[in-house]
Amino acid sequence: MVNNNDITTVSNSSPIINLSKTSCLFLFEKIFKKVFIPVAVYNELVVKGSEKEFSDDIISLIESKVLIITEVKDKPLVKALNKDLDLGESEAIVLALEKKAELILLDEIEAREMASIYNLNKTGFIGVLVKAKKMNLITSVKKHLDLAIEKGFWINESLYNKILSHLSDWV
């Protein structure tokens, strides 16, 4: 089995924001060691999000080289994807393609569908929590998921129930 520390990972902003809201940003270093983020994601998280409660924690991850800001090269593909996705999602998908990433972190359905078109292996905030639980880095997926929901994370009720019913299989 491949250790996630050894794989190239790219992230969009929403998994980072949701992990921050649940005090789980430490999982990036513990699970992935380093995660590439495109400039648009950096701008969304730090430049536009400078007044947000989580921006200092994200800056700390950047300074410690856990989050690595990377410029995408294929601007025409970003522009094409940006017709259907936001700029951060578009750049994250393009960066994952350019880096030949083994994993991309995305939460939004449309972005995940687009990543599938390009055969990118994807997970999101919930997948990171499940992996963290399997690695005994957190004690409860439900606790962090419920906290994220309290703070604005949206999840389909049937998916939420499916996750909770399968948690014992995933730990």
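User: Before we look at Ala148, what does contact mean here?

Analyst: Contact means heavy atoms within 4.5 Å. Keep in mind that this is a predicted model. With residues up to four places away in sequence left out, Ala148 touches Thr22, Phe125 and Phe153.

User: Where is Ala148 found, and is Ala148 buried or exposed?

Analyst: Ala148 sits in helix α9, residues 141-150. Buried means under 20% relative accessible area, so Ala148, at 0% relative accessibility, counts as buried.

User: How do I read a nonpolar core?

Analyst: The general idea is that, in soluble globular proteins, nonpolar side chains tend to be buried together. In this model, the largest nonpolar core has 38 residues, and those with the most contacts inside it are Ile16, Leu19, Leu27, Phe28 and Ile58. Helix α8 gives the largest share of this core, 6 residues. A second, separate core has 19 residues, including Val10, Leu85, Ile104 and Ala115.

User: Which residues is Leu27 in contact with, leaving aside its neighbours within four places in sequence?

Analyst: Leu27 is in contact with Leu19, Phe32, Val128, Leu129, Ala132, Leu137 and Ile138.

User: Let's turn to helix α7. Which of its residues are buried, and which are exposed?

Analyst: Helix α7 spans residues 109-117, and its buried residues include Ala111, Met114 and Ala115. Seen down the helix axis, the buried residues of α7 fall within an arc of 100 degrees, so they line one face of the helix. Ile109, Glu113 and Ile117 are exposed on the other side of α7.

User: What covers the buried residues of α7, and which residue follows the helix?

Analyst: The cover includes helices α5 (75-81) and α6 (87-99), along with strands β4 (103-105) and β5 (122-123). After α7 comes Asn119, with a positive phi near 60 degrees.

User: Last topic: how do I read a pocket?

Analyst: Rolling a probe the size of a water molecule over the atoms shows where empty space is left. Here, the largest pocket has a volume of about 650 Å³. It is lined by 24 residues, and the closest to its centre are Asp107, Ile126, Phe153, Trp154 and Leu159.

User: Which helices each supply at least two residues of that lining, and what is its make-up by class?

Analyst: Helices α1 (13-21), α7, α8 (125-134) and α10 (157-170) each supply at least two residues of the lining. By class, the lining of the largest pocket has 12 nonpolar, 7 polar and 5 charged residues.

Note on methods
Residues are numbered from 1 along each chain as its sequence is written. This is a predicted model: local features need pLDDT of at least 70, side-chain atom pairs count only at pLDDT 80 or more; totals for chains, interfaces and linings use all residues. Side-chain values use heavy atoms; hydrogens and water are left out. Buried means under 20% relative accessible area, exposed over 50%, partly exposed in between (1.4 Å probe, protein chains only). Helices (H or I, at least four residues) and strands (E, at least two) are DSSP runs, numbered from the N terminus. The arc is that of the directions from the helix axis to the C-beta atoms. On a 1 Å grid over the protein atoms alone, a cavity is a set of points where a 1.4 Å probe fits but cannot get out, and a pocket is an open set with protein on both sides within 12 Å along at least five of seven lines; lining residues have an atom within 4 Å of a point. Grid points are joined across faces, edges and corners, and a volume is the space filled by probe spheres set on the points. Ala, Val, Leu, Ile, Met, Phe, Trp, Tyr, Cys and Pro count as nonpolar, Asp, Glu, Lys and Arg as charged, and the others, Gly among them, as polar. A nonpolar core is a set of buried Ala, Val, Leu, Ile, Met, Phe, Trp, Tyr and Cys residues joined through side-chain atoms within 4.5 Å.
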